[in-house]
Amino acid sequence: MASILLRMNALVIVLFVVVVAGAAAVSFYLKQKRRDELAVFATQQGLQYSADDTVGLIDPSFRLFQQGDGRGSENVVWGTWQGLPLAEGDYWYYTESTDAEGHRTRTYHRFSVVEIQLEQDVFLPYVSVTHENLLTAIGDHLGFRDIDFESDDFNRLFNVRSQDREFAFKLIDARMMQWLLSTGGQFGFEVAGGKVLLYSHRLAPTALIPIIGSAKAFHDHIPRLVWTEYASWGKGNPPGVAGRPSAVAPASAPEAPASAPPGAPPSVAPAPAPAAPPPDPSAAPASPDAGNSLR
């Protein structure tokens with residue numbers, strides 16, 4: 001009887017090792033497959049690719065990059081696409097939890113993000129445009145109100161937040177509002193300083209054109225009034241109107257690469273950042289998770 005139990009225990013151990021090894025092999029295969037497909041995509045689009053984040057994609061000026069207990073980025077595609085400097089990459093953050101027995105677990109949230117660099121002298125106040133959901137609706141009732149616009153359809157679909165309401169209305173004019181509605185709320189948008197961030201749940205390499213194209217379209221829909229009034233802010237000169245926000249840098253600087261690969265455009269390096277937006281318990285990222293699998 002004892003020998004049978006020993007054999008069963010040995011069999012269980014062997015099966016466990018096989019399962020773990022198989023899971024690791026599948027994970028490695030999928031990770032390498034994604035890298036290969038992204039490299040092909042970059043070549044097809046006239047862009048460059050790196051498995052590591054060599055352009056400093058994580059900029060703490062954006063609220064998305066403040067989420068979670070830890071975060072990281074990888075698989076970065078960068079360059080100039082249809083005349084616009086940009087960087088696209090895989091971003092993830094995790095949240096930690098502890099059960100009653102003290103065991104800690106991590107839940108990962110994964111995104112595809114696109115960061116575009118605006119014209120050199122433009123410096124814009126922080127604005128976020130995210131999909132209206134249950135959490136943001138509850139936040140409105142608790143006093144963490146978003147900015148309401150004249151369009152009920154827009155207010156139902158999007159949650160807009162900014163400390164500079166006047167700028168938010170200038171940025172989201174009727175033309176920009178109509179275009180945002182056409183996206184159906186599938187992307188989150190953030191504006192800060194000289195950059196714009198778009199994000200969604202993690203996308204397959206073959207499905208990246210829509211989010212990259214939307215980044216270009218957002219840029220093209222920025223009203224001329226914004227370009228005119230905020231073009232001199234990068235030089236420290238206020239526009240001809242009151243209400244310039246603070247431009248104090250955040251406590252932690254954006255992660256910078258140790259060394260950039262040959263040909264990496266300076267336009268995707270971290271730009272001077274505005275004050276990081278204050279924590280907002282009701283403003284969790286609106287884009288859907290790509291799953292809560294462990295990394």
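Where in the model does L30 lie? L30 is placed in helix α1 (residues 2-44), helices (H or I, at least four residues) and strands (E, at least two) being DSSP runs numbered from the N terminus. This is a predicted model, in which local features need pLDDT of at least 70 and side-chain atom pairs count only at pLDDT 80 or more, while totals for chains, interfaces and linings use all residues. Residues are numbered from 1 along each chain as its sequence is written, and side-chain values use heavy atoms, with hydrogens and water left out.

**Surface around L30**

L30 counts as partly exposed, at 49% relative accessibility, where buried means under 20% relative accessible area, exposed over 50% and partly exposed in between (1.4 Å probe, protein chains only). Together with V26 and Y29, L30 makes a nonpolar surface patch of about 320 Å².

**Aromatic contacts**

Rings of Phe, Tyr and Trp (its six-membered ring) pair if their centres lie within 6.5 Å, and planes under 30 degrees apart count as stacked, over 60 as edge-to-face and the rest as tilted.

| Pair | Arrangement | Centre to centre | Angle between planes |
|---|---|---|---|
| W92 and Y108 | tilted | 5.5 Å | 55° |
| W179 and F189 | edge-to-face | 5.9 Å | 70° |

W92 belongs to strand β3 (residues 84-98) and Y108 to strand β4 (residues 104-117), so their pair ties together parts that are 16 residues apart in sequence; both W92 and Y108 are buried. The pair of W179, in helix α5 (residues 174-182), and F189, in strand β7 (residues 188-193), links distant parts of the chain, ten residues apart. W179 is buried with a relative accessible area of 12%, and F189 is buried with a relative accessible area of 1%.

One aromatic cluster is formed by F62, F65, Y91, Y93, F111 and Y199. R106 lies over the face of Y94, at 4.0 Å from the ring centre, a charge being over a ring if NZ of Lys or CZ of Arg is within 6 Å of the ring centre and within 35 degrees of the ring normal.

Helix α6 (residues 209-221) has 13 residues and reaches 18 Å from its first C-alpha to its last, close to the 18 Å expected at 1.5 Å a residue, the expected span being 1.5 Å times one less than the number of residues. Among the buried residues of α6 are I211, I212, F218 and K216. K216 and G83 are 133 residues apart in sequence and 9.1 Å apart in space, C-alpha to C-alpha. G83 is in the loop between β2 (70-81) and β3, and counts as exposed at 63% relative accessibility.

Technical notes:
Patches are made of residues with over 30% relative accessible area and no salt bridge: like charges are joined within 9 Å, nonpolar side chains (Val, Leu, Ile, Met, Phe, Trp, Tyr) within 5 Å. Accessible areas come from the Shrake-Rupley method with a 1.4 Å probe; for residues, only the protein chains shown count as cover. A salt bridge is a side-chain nitrogen of Lys or Arg within 4 Å of a carboxyl oxygen of Asp or Glu.
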